[in-house]
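Hello,

Here is the structure you are taking over. Please open it first and then read the notes below.

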Amino acid sequence: MVTIAPSILAADFANFGAEIEAVEAQGADWIHVDVMDGHFVPNITFGPQMCAAIRPHVKTVMDVHLMIAPVDPYIEAFAAAGADILTAHAEAGPHLHRTLQAIRAAGCRPGVAINPGTPPDAVRPVLDLVDLVCVMTVNPGFGGQGFLDSMIPKIAQLRAWAPDIHIEIDGGVGAGNARRLVEAGADVLVAGSSVFKGGSVTDPAAYGANIRAIRTAATSVAA
Ligand code: DX5
Ligand code: ZN
């Protein structure tokens, strides 16, 4: 089973509630929420108040990807906003272990993300603390970038070290590479532009077709 997590970074920013309801009705398993601070990454999106506002519209899992530094001062706010999964970057500060403990203590499922330039070894000492590792397959900050093939060996390495946690792939994911990602050991695929392309809240059928195309490609592994 593969989990498909559409990123609302590719949705209509003026209409998040309806976009989330539409994409869930069309088959999304989780909703991926990209929080950017203009400091850790060169783009700014939204903060805990926006997460709290969209929370009632999310019936599945709110998967919050923090691209911010520092992380620790904001953990309580994102937990209070209703994040189910709260993912921090390994590169975001010197005390990753403490950050992940604090996320768990705040009542969220901890995740850890690594940038393309970071080796998987960077998170090996904290794999026992997390429910999810997010392997970035683009440089974080923007949707719609090209997938970095050279990241695929990291997935297999992490899966070998951690058979029982989620391995999430984020950036440039679509039907064209889903199969390779799942074969390498991924079980959660974040997809922004490849899910939201061609549709809208008033015409959401494309969301469903796009999700089905990714799921079909991903689950053709065993065939
Ligand atoms: C990038 C974000 C991704 C992004 C993916 O910094 O973390 O979640 O929305 O977008 P696509 O699927 O368009 O590459
Ligand atoms: Zn993301």
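Notes on the annotated residues and the pocket

His 65 is located in strand β3. Please keep in mind that the model is a predicted one.

His 65 has a relative accessible area of 1% and is therefore buried, as the limit for that class is under 20%. Leaving out residues up to four places away in sequence, His 65 touches His 32, Val 33, Asp 34, Val 35, Thr 87, His 89, Ala 113, Met 136 and Asp 170. Two of these contacts come up again below. The side chain of His 65 is joined to the side chain of Asp 34 by a polar contact of 3.1 Å. The side chain of His 65 also makes a polar contact with the side chain of Asp 170, at 3.1 Å.

Annotated positions

Which residues does UniProt list under "active site"? The unreviewed entry gives Asp 34 and Asp 170. They are spread over 137 residues of sequence, yet they cluster in space, with a largest C-alpha distance of 10.5 Å. Both Asp 34 and Asp 170 are included in the lining of the largest pocket.

Under "binding site", the unreviewed UniProt entry lists His 32, Asp 34, His 65 and Asp 170. This set is spread over 139 residues of sequence and also clusters in space, the largest C-alpha distance being 10.5 Å. From this set, the lining of the largest pocket takes in Asp 34, His 65 and Asp 170.

Asp 34

Asp 34 belongs to strand β2, which covers residues 31-36. Is Asp 34 buried or exposed? Its relative accessibility is 4%, so Asp 34 counts as buried. Besides the polar contact with His 65, the side chain of Asp 34 has a polar contact of 2.6 Å with the side chain of Ser 7. With residues up to four places away in sequence left out, Asp 34 touches Ser 7, Leu 9, Thr 45, Phe 46, His 65, Met 67 and Asp 170.

Asp 170

Asp 170 is in strand β7, residues 166-170. Asp 170 is buried because its relative accessible area is 8% and the limit is under 20%. Its contacts, apart from neighbours within four places in sequence, are His 32, Asp 34, His 65, Cys 134, Val 135, Met 136, Thr 137, Val 138 and Val 190. Asp 34 and His 65 are therefore both in contact with Asp 170, since the contact list of Asp 170 includes them.

The largest pocket

How much space lies in the largest pocket? The volume is about 250 Å³. Its lining is made up of 24 residues, and those nearest the centre are Phe 142, Gly 143, Gly 144, Asp 170 and Gly 171. The elements that each give two or more residues to this lining are β2, β3 (62-67), β8 (188-191) and α7 (193-196). Sorted by class, the lining holds 11 nonpolar, 11 polar and two charged residues.

Thr 137

Thr 137, one of the contacts of Asp 170, is found in the loop between β6 (132-136) and α5 (152-161). With a relative accessibility of 0%, Thr 137 counts as buried. A polar atom of the Thr 137 side chain lies 2.7 Å from the backbone oxygen of Gly 171, and Gly 171 is among the residues nearest the centre of the largest pocket. Leaving aside neighbours within four places in sequence, Thr 137 is in contact with Gly 146, Phe 147, Leu 148, Met 151, Ile 169, Asp 170, Gly 171 and Val 173.

Val 123

One further residue is worth a look. Val 123 lies in the loop between β5 (109-114) and β6. Val 123 is buried, with a relative accessible area of 0%. Neighbours within four places in sequence aside, Val 123 is in contact with Ala 90, Val 112, Ile 114, Val 133 and Leu 158. How many residues apart in sequence are Val 123 and Leu 158? They are 35 residues apart in sequence, and their C-alpha atoms are 9.0 Å apart in space.

Regards

Notes:
Residues are numbered from 1 along each chain as its sequence is written. Chains are lettered from A and ligands numbered from 1 in the order in which they are written. This is a predicted model: local features need pLDDT of at least 70, side-chain atom pairs count only at pLDDT 80 or more; totals for chains, interfaces and linings use all residues. Side-chain values use heavy atoms; hydrogens and water are left out. UniProt positions are given in the numbering used here, feature names are shortened, and annotations may be inferred rather than shown by experiment. On a 1 Å grid over the protein atoms alone, a cavity is a set of points where a 1.4 Å probe fits but cannot get out, and a pocket is an open set with protein on both sides within 12 Å along at least five of seven lines; lining residues have an atom within 4 Å of a point. Helices (H or I, at least four residues) and strands (E, at least two) are DSSP runs, numbered from the N terminus. Buried means under 20% relative accessible area, exposed over 50%, partly exposed in between (1.4 Å probe, protein chains only). Contact means heavy atoms within 4.5 Å. A polar contact is a pair of N or O atoms within 3.5 Å; within protein, one must be able to donate a hydrogen and the other to accept it, and residues adjacent in sequence count only if both atoms are side-chain atoms. Grid points are joined across faces, edges and corners, and a volume is the space filled by probe spheres set on the points. Ala, Val, Leu, Ile, Met, Phe, Trp, Tyr, Cys and Pro count as nonpolar, Asp, Glu, Lys and Arg as charged, and the others, Gly among them, as polar.
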